[in-house]
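Here are my notes for you to read alongside the structure. Take them one point at a time, and find each residue on screen as you go.

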Amino acid sequence: MLRGSVEKSDILVVGAGPVGLYLAGLLEKSGRTVRLLEEHGEIGRPGHCSGLVSRNLDLLIRPRKEWVEHEVSGSVIRAGSSSIRLTKGRTAARVIDRSRFDASLKEGLESEIVLGARAERLHAGNSGVSVKTGKGVFKADMLLGCDGASSAVARHFGSRPRRLLMGVIGITRQENHSKNVEITIDKARSRDGFFWKIPRGRTTEYGLFGSMAGSRQSRLQSGIDFLELEGFFRIKPVERKAGLIPMGPGKTYFPRTLLVGDAAGMSKPWSGGGLVYGLTAARIAANVIEQAFQEGDFSEGFLARYEKGWKKAFGNQLHAGMLGRGIFENLGDFEIRMALRGMRIFSPLLNGLDMDFLVR
Ligand SMILES: Cc1cc2nc3c(=O)[nH]c(=O)nc-3n(C[C@H](O)[C@H](O)[C@H](O)COP(=O)(O)OP(=O)(O)OC[C@H]3O[C@@H](n4cnc5c(N)ncnc54)[C@H](O)[C@@H]3O)c2cc1C
């Protein structure tokens, strides 16, 4: 492809992360030509994610040994001297290697993936969409914003999540085959997030998330950064990762355009996990896109059924989760400790909760 040339496909997907890759695979099956634009030079890198995913993922993608690092059955949540232990008594979640997972989603795809192509300028008009990158201009009938938390597509349409939090991760070489994820709430260090420790089999992951230092949401806390993380756990990581976590979706459909996954702010408000919802939304999007092609209708009015679809699937989880988050953010350490103690009575009920679909 020549720099400056114009390339046309049925669908343009901005962002070849898990959601973009999975969605491209679904669209290919209905015979659409898809092109993915990815700003980085390699799929799955740089990484930013813990890859702790519930077994709900199995309903969307069959687990593969090559990307499963470890399995866990429960968690221990601590705040000061209070704690609660939750367990499923069987594998509840897998700890997956995100780079390998993303790479495996690329396997077998026929769609062209243009690496090193950062979407810079977008246009969605009556006759189609176009995206300008450093590798040329790309045109299509539909545009899918799967470009993560700092989505250029969402920005173009003025859609933004209600919260944008920051997560930092440090990996050490300590072998860790524990069956529990550990969570520590410490309001003085993260007013609206928590620390975590995830056993990854051959390694251990430590993490922290919450509002970014200097942001409006973080006035009451010190910064979310590697120093805070490493000081708290007294670790010297061999690998560090960081990324943004969007919560509380804005509008997700526009003329000829849908936002899917983190670009749409589809993360769980209680943990920041976004894979199950993002991939679920990709399935719903694929159906609506196929209908749009069949009807030849790419209007905003027609595409509104996508938002209706994902809201039916997990909208109430996000709504309840954002309400719960609002309460959590306003509690102090003392109240959190009391709440954890009180929750012990409900352990059997809590053990039975689904990690992604808390509200029925
Ligand atoms: C610290 C941290 C820990 C997390 N842990 C978990 C977890 O344990 N479990 C879980 O389920 N979720 C977790 N998440 C969330 C999870 O990583 C996301 O929900 C998931 O990656 C969303 O996938 P996506 O494809 O929508 O976006 P992304 O994975 O962000 O992929 C977006 C892609 O778009 C590309 N891109 C961005 N902008 C452009 C542009 N302008 N032009 C072209 N390409 C572009 C990016 O390079 C990237 O490849 C975590 C997130 C963070 C930050």
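1. Let's start with F101. Is F101 buried or exposed? In this predicted model, F101 has a relative accessible area of 0%, and because the cut-off for buried is under 20%, F101 counts as buried. You will find F101 in helix 2, which covers residues 98-106. For a sense of distance, pick out I185 too: F101 and I185 are 84 residues apart in sequence, and their C-alpha atoms are 30 Å apart in space.

2. What is the order of its strands? Reading across, the order is 6-5-13-14-15-12-16; this sheet is open and its pairing is mixed. Strand 6 (82-87) and strand 16 are the edge strands, and each has a single partner, so one side of each has no neighbour in the sheet. From one strand to the next, the twist averages 20°.

3. Now for the pairings inside that sheet. Strand 5 (residues 74-79) runs parallel to strand 13 (residues 180-184), and five bridges connect them.

4. Strand 15 deserves a point of its own. How many of the residues in strand 15 are buried? Strand 15 spans residues 204-210, and seven of its seven residues are buried. On one side you have T204, Y206, L208 and G210, and on the other E205, G207 and F209, so both faces are covered because each of these residues is buried.

5. Strand 4 and strand 7 (residues 93-96) are antiparallel and joined by four bridges, and H70 has V95 in strand 7 as its bridge partner.

6. On to the ligand. Which residues are the closest to the ligand? They are E38, H40, R98, A119 and D262, out of 33 residues that surround the ligand. Several elements supply at least two residues each to this shell: helix 1 (18-29), strand 2 (34-38), strand 12 (163-172) and strand 16 (239-247). Strand 16 gives the largest share, three residues.

7. H48 places a polar side-chain atom 3.1 Å from a ligand oxygen atom. For P18 the atom is a backbone N or O, 3.4 Å from an oxygen atom of the ligand. S50 also uses a backbone N or O atom, which lies 3.2 Å from a nitrogen atom of the ligand. How much of the ligand does the protein bury? Taken alone, the ligand exposes 1000 Å², and the protein buries 92% of that.

8. Helix 5 (residues 275-295) has 21 residues and reaches 30 Å from its first C-alpha to its last, close to the 30 Å expected at 1.5 Å a residue. Most of helix 5 is covered, with 16 of its 21 residues buried. Just after helix 5 comes G296, with a positive phi of about 65°.

9. Finally, find E329 in helix 6 (residues 300-330). Where does its side chain make a polar contact? The side chain of E329 meets that of R163, in a polar contact of 2.8 Å. E329 has a relative accessible area of 9% and is buried.

Technical notes:
Residues numbered from 1 in each chain as written. Predicted model: local features only at pLDDT ≥ 70, side-chain atom pairs only at ≥ 80, totals over all residues. Heavy atoms only, no water. Pairing = 2+ DSSP bridges. Expected span 1.5 Å × (residues − 1). Buried < 20%, exposed > 50% of the residue type's maximum accessible area, 1.4 Å probe, protein only. Near = heavy atom within 4 Å. Polar contact = N/O pair within 3.5 Å; in protein donor to acceptor, adjacent residues only side chain to side chain. Areas by Shrake-Rupley, 256 points an atom, 1.4 Å probe, with all protein chains shown as cover. Axes fitted to C-alpha atoms, helices over the stretch in contact; angles between N-to-C directions.
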